[in-house]
Amino acid sequence: MSATAQVLVVEDERELAADIVELIKPICEPTVAYDGEQGEFLASQGVFDAIILDLMLPGESGLDLLMHIRSQGVSTPVLILTAKDTIADKLRGFNDGADDYVTKPFHREELLARMKALLKRTGHLNSSDVIRLGQLEINTSKHLATFNGGPLTLKGREFDLLAYLAANPGTIITKEQIFNRLWGFDSETSLSVVEVYMSNLRKELKRAGSDLSVRTIRNAGYIVEAPDEQ
């Protein structure tokens, strides 16, 4: 995975799921779940920037999935994509925690526009591909990071780690969230790899004279802050 916005698509119709993936790939990195239980497991990890959710799913309904993750404190924006088109259905979707609601059949341009708007509204889609935090500037499309104009030397996933933290300033991100986001749920790598990369990242920031604070919150995770935000 990468610093690109991550979107979970929960849709049991595989052909439609493939179409949605092709549609949104230019603006994000999609992951697909084909039933409610798998969708809830992935959504509950809290590593996605948005979710496209069908309501009529095998195993567990989309509304049950939505209510369960909201009860767990997962605030990931959810766009419901469903054939259920009555006002009552829409109201229930919004009342249960949806952020947007699109009915099938849908216009491709509309779905893409709504996803762009949702990601922009939550700060996870930057048209310039640039993340700024204090004197740190990260260009995700060029894979470049600078502090006060000077380049940072970041290897492999160190760049993605910094971009992930910088895109969520002031937010505690758990070690598990970082691992799942950057290495993937099915990776055979040990969770301790996060500590290794975090240590390397801190050393490079110190070498560059960065005044960013990358703190470890005991039994919780990590948080990055610029000096004027501490």
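Analyst: Let us begin with one residue. Apart from its neighbours within four places in sequence, E204 contacts P151, L152, T153 and L154. Please keep in mind throughout that the model is predicted.

User: Where does E204 lie, and is E204 buried or exposed?

Analyst: E204 lies in helix α8. A residue is called buried when its relative accessible area is under 20%. E204 has 9% relative accessibility and therefore counts as buried. Its side chain also takes part in a polar contact of 2.6 Å with the side chain of R207.

User: How should I think about the spacing of residues along a helix?

Analyst: An α-helix has 3.6 residues a turn, so residues three or four places apart point the same way. In this structure, helix α8 covers residues 193-207 and also contains E195.

User: Which residues does D100 contact beyond four places in sequence, and in which strand does D100 lie?

Analyst: D100 belongs to strand β5, residues 100-103. Beyond four places in sequence, D100 contacts V78, L79, I80, F94 and R114. With R114 there is a polar contact between the two side chains, at 2.6 Å. D100 is buried, since its relative accessible area is 13%, and the limit for burial is under 20%.

User: What does the UniProt record list for residues 6-119?

Analyst: An unreviewed UniProt entry lists residues 6-119 as "domain: Response regulatory". In the model, that stretch is 44% helix and 20% strand, and its end C-alpha atoms are 10 Å apart.

User: Into which domains is the chain divided, and how far apart are their centres?

Analyst: The division gives domain 1, residues 6-122, and domain 2, residues 130-225. Their centres, taken over C-alpha atoms, are 28 Å apart.

User: How much area do domain 1 and domain 2 bury between them?

Analyst: The size of an interface is often given as the accessible area lost when the parts come together. Here domain 1 and domain 2 bury about 570 Å² between them, with 55% of that area on carbon and sulfur atoms. On the domain 1 side, Q6, Q45 and V47 supply 64% of the area buried against domain 2, more than any other three residues. In terms of contacts, 8 residues of domain 1 meet 5 residues of domain 2.

User: How many salt bridges and polar contacts are found between the two domains?

Analyst: Polar interactions at an interface can be counted in pairs. There is 1 salt bridge across the interface of domain 1 and domain 2. There are also 4 residue pairs in polar contact between the domains. A salt bridge joins R181 and D49, whose closest N and O atoms are 3.1 Å apart.

Key: Residues numbered from 1 in each chain as written. Predicted model: local features only at pLDDT ≥ 70, side-chain atom pairs only at ≥ 80, totals over all residues. Heavy atoms only, no water. UniProt positions renumbered as here; feature names shortened; annotations may be inferred. Helix = DSSP H or I, 4+ residues; strand = E, 2+ residues; numbered from the N terminus. Domains from an automatic or database assignment. Contact = heavy atoms within 4.5 Å. Buried area = accessible area lost by both parts, 1.4 Å probe. Salt bridge = Lys/Arg side-chain N within 4 Å of Asp/Glu carboxyl O. Polar contact = N/O pair within 3.5 Å; in protein donor to acceptor, adjacent residues only side chain to side chain. Buried < 20%, exposed > 50% of the residue type's maximum accessible area, 1.4 Å probe, protein only.
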